[in-house]
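Let's take a friendly walk through this structure together. Have the chains in view as you read.

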Amino acid sequence: MAEELKPGEAANEISRRAFLAALATSAVTATAAALSPLKGVADLPTLEEFLRLHYKELTPEDKKAILERIAAQVEKDYGVRPNITDPPPIPGVEFGYALNIGRCIGCRKCVYACAKENNQSRNPQIQYIRVLQMRKGSIDVESSKTDYEGEVPKDGFYYMPVQCHQCRKAPCVKACPVQATWQEPDGVVVIDYNWCIGCRYCMAACPYGARRFNFEKPEIPKDELNPEMGYLSNRPRPKGVVEKCHFCLHRTRKGKYPACVEVCPTGSRKFGNLLDPESEIANIIKTKRVYVLKEEVGTLPRFYYYFNL
Amino acid sequence: MTQAIKDYVVFVGRCARKTLDGDWRYYLWMTALTAVSLLGLNAYCKQLVAGLTVTGMSDQVSWGLYIANFTFLVGMAAAAVMLVVPVYVYKDETLHDVVIFGELLAVAVIVMCLLFVTVDLGRPDRFWHMIPGIGRFNWPISMLSWDVIVLNGYLALNAQISGYLVYMVYLKRKPASIWYIPFVFIAMFWAISIHTVTAFLYVGLGGRPFWNSAIVAPRFLASAFTAGPGFLILTLQVIRRLSSYKVTDKALFMLRDIVQVSMIINVFLLLCELFKEFYTDSAHVASAKYLFFGLHGHYGLVPWIWTAMVLDSAALALLVLPFSRRLRYLSLACALAIAGIWIEKGMGMVVPAFIPSPLGEIVEYSPTLNEWLICAGIWAFGMLLYTTLLKMTIPVLTGQLTPQKSAPMSIESETVWHGNFRDTA
Amino acid sequence: MTMDRDEGSKRIPLAAAGAAVACLLALAVVFTKDLIGKGPGRDDIPKLSPEYADTSTVRKVRTEMTFDGAPCQACHEGAEPLQGNPHEKGIFHDHIELNHGRNQHCFNCHHRMQPADFSNFDGSPIKLANIQLLCAKCHGTIYRDWGLGIHGRRSGFWDTTKGSRKAQVCIACHNPHWPIFKPLKAAPPPHVNPRTRAKANKAAGAENPGGRD
């Protein structure tokens, strides 16, 4: 863009002062123009949202105010008044999950029941559960396929759904630089969507590919919104934060089964209190041969696979 | 005390004034950098509004070009230590007069690193959650929290050292050891630590076998000590051509020795890693296979890594052969090495660990135009900053910028400033 | 771009000055018109079909024994079962496909005398409401697992102090005449984001992005 100057043109000059003034003006103009996309910002945090404290430092009043604020926002965005709660962990309860890969047929109903229950973004699509179609004779996930279609189960394959394993030694919790994700006393690894900075280090750390990132503002049809919400679970997420399976905290802490357990047509999904020796999950670990995925990584999941025909 | 601060502000102000001086080439250079920075700024504004959806990243490949550049640049910043060690530990004077440029480069590059981290954040508005004491810092558990500390600490150390030394030259005063020697020695270890911590960021993840290798930190350091001094070789040639600051050939060739040895170690460590991956040929080789040869019909990174291999090999060959005793070839070798290492450490190190995903999915990654613009913008801004810093300091170092009300100049102080900081070691 | 040499020069060539200013102003136009760096496009993802999240069982559990709407007793008076080859008596039950292991005979399960009930080992009747006891005759270990919650579906409350738990019976999922679980049509596979798919398709031989054989 810079033309070569020949010595003869040297007289063709302007003063530096005038030039700098013109340059500064045009630079300011260009900068202002460069910033123009910011006009479209729609989800700027409010001051109180910006300044709020970490979940663990909130007083009950703070929490109430925050829940009220979120409820008002949801009502504004979706036209539905949500019942948003923050149920505490139940003392003496440690959640565990077992999945019977001998029974799972890979129909993916859990995937969609989960999306509906947990208000996951429909477009771009976010799903907590990935169902792997595995070749019989292999437990190597690299021989798996997730995009199968049509009638299931298919000959020669078995199915292994994967979601957050709620690891006892969770690499994601270690990774998070701001403690936006932590392990609750009942074993569930939760995320505070209002604290996460969106660095995605936890996603790199997770050996199960369980974490999802909101690359855009999530989109949920108004008529499909689930108004039964939990603060740490299925309330609508903002753009730019990570989310994942939380064992349907807002259901399970009130004694209910998670949505994926409720929907599974084959009864392959089992859920309960590991500390209760009579629970189905305790019975499975006691009487069945169970394994955990990628045991060699040492994450000690609370999610067990077993086979039983 | 207030007077001292006032004096310092006046000094910075006068230095800053110097950045307005220059001929038309200087202005065009700065305008071009500003223009590219603005392209990046504009692209980033779009990203802020729409979200990281304007990048090529996905749930499977959750880090891309931003973190790749970050990783490379941390190395460039750490490289200043390779100039400091000979001067301050071995009392070798060859590099004495150019150490300051390494430190200024570190300052500019760390700023770029911080920018790259910022643009990668999904919620930059919550950056303060990472500030120790105010936010909720997961230190010492999270390696990323270590990175925040070491990077900012390194920025502060280098700003202190270069700021102080240049000011002393300006005042024609002998620098007081207490104000910089401790910092210089802390910075030496700190430089190693910034890149080690950055490596540990990756190494610590058991779920990513491609990164989970003890050799990553040494590899990072070796490649950093190639790229950083290599970049300085290029910069110093520009400085001596365009300013009256004296940079000796001897200094350049000493840097060549550093680059040469580092490059040999870098390539050796790379070969060690490749042997481990491909000879073992366990399930963990998938990422390396994807990187070098493609996996199941997906070849996204193959052209990248072989470009890097060719560049690395060419640079290595040039550096070990006597050719590179000629500056033209040395510059070429440095440029090739920088480009090769940028790919090897960036796209070749960060991205393949995500492919295949932990669940065996192959989702490829290639940066979008928006992502490229943001990266180019940060690079341009970094260069803008470095040029500005050089422009501010060189007039001081060459003695053109002195305190206005010049105190009677004693013979002693004359000798002090003339050798820049020669007295110090 | 001299660093320090021509301090004295106070004049700038017009061409260079113009180029610099024009470059920045051109950029301003580019930004205002939004000429470069568009965000990625979006796909239409079909709305979720409600059936994907339907929690009902694959079969309806009948509450009374009928056939074509008529109670069993309408034909089977309950005194004696039909004698001889049932196929010669008519085609009423012909569309029942029996594919249940080695079971060839109706009365392996159905009660001979009380056609609305089922038969235990000792000939005593098992009511429809206790159908699991019938299945348990052969599938003892599964019955045990069912009782422990290991086999079969449970819904409602895992914590029975907070609400009731419902255990689905065998015939909610298994057709007693052909008990193997029938294939279902899988819900749609995960949508591959346009950001990554375009590249995946470009790569040679990538017929199945997001997974492979």
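## A word to start with

Two strands are said to pair if DSSP finds at least two bridges between them. Keep that in mind for the next section, and remember that this is a predicted model.

## Where chains A and C meet

Strand E1 of chain A, residues 13–15, pairs with E1(C) in the antiparallel sense, over three bridges. Within this pairing, Ile14(A) stands opposite Ile12(C) in E1(C).

Now step back to the whole contact: 57 residues of chain C are in contact with 65 residues of chain A. Which element of chain C gives the most to the side that touches chain A? That is H1(C), with 14 residues. On that side of chain C, 32 residues are nonpolar, 14 polar and 11 charged.

Among the residues making the contact are Leu23(A) and Ala27(A) of H1(A), and Leu38(B) and Leu41(B) of H2(B). By class, this contact has seven nonpolar, four polar and no charged residues.

## How confident is the model?

Chain B averages a pLDDT of 91, and 95% of its residues score at least 70. Over residues 406–425 of chain B, however, pLDDT stays under 50. Where pLDDT is low, the predicted coordinates should not be read in detail.

Note on methods:
Residues are numbered from 1 along each chain as its sequence is written. Chains are lettered from A and ligands numbered from 1 in the order in which they are written. This is a predicted model: local features need pLDDT of at least 70, side-chain atom pairs count only at pLDDT 80 or more; totals for chains, interfaces and linings use all residues. pLDDT is the predictor's confidence in each residue, from 0 to 100. Two residues are in contact if their C-beta atoms, placed from the backbone, lie within 7 Å. Helices (H or I, at least four residues) and strands (E, at least two) are DSSP runs, numbered from the N terminus. Ala, Val, Leu, Ile, Met, Phe, Trp, Tyr, Cys and Pro count as nonpolar, Asp, Glu, Lys and Arg as charged, and the others, Gly among them, as polar.
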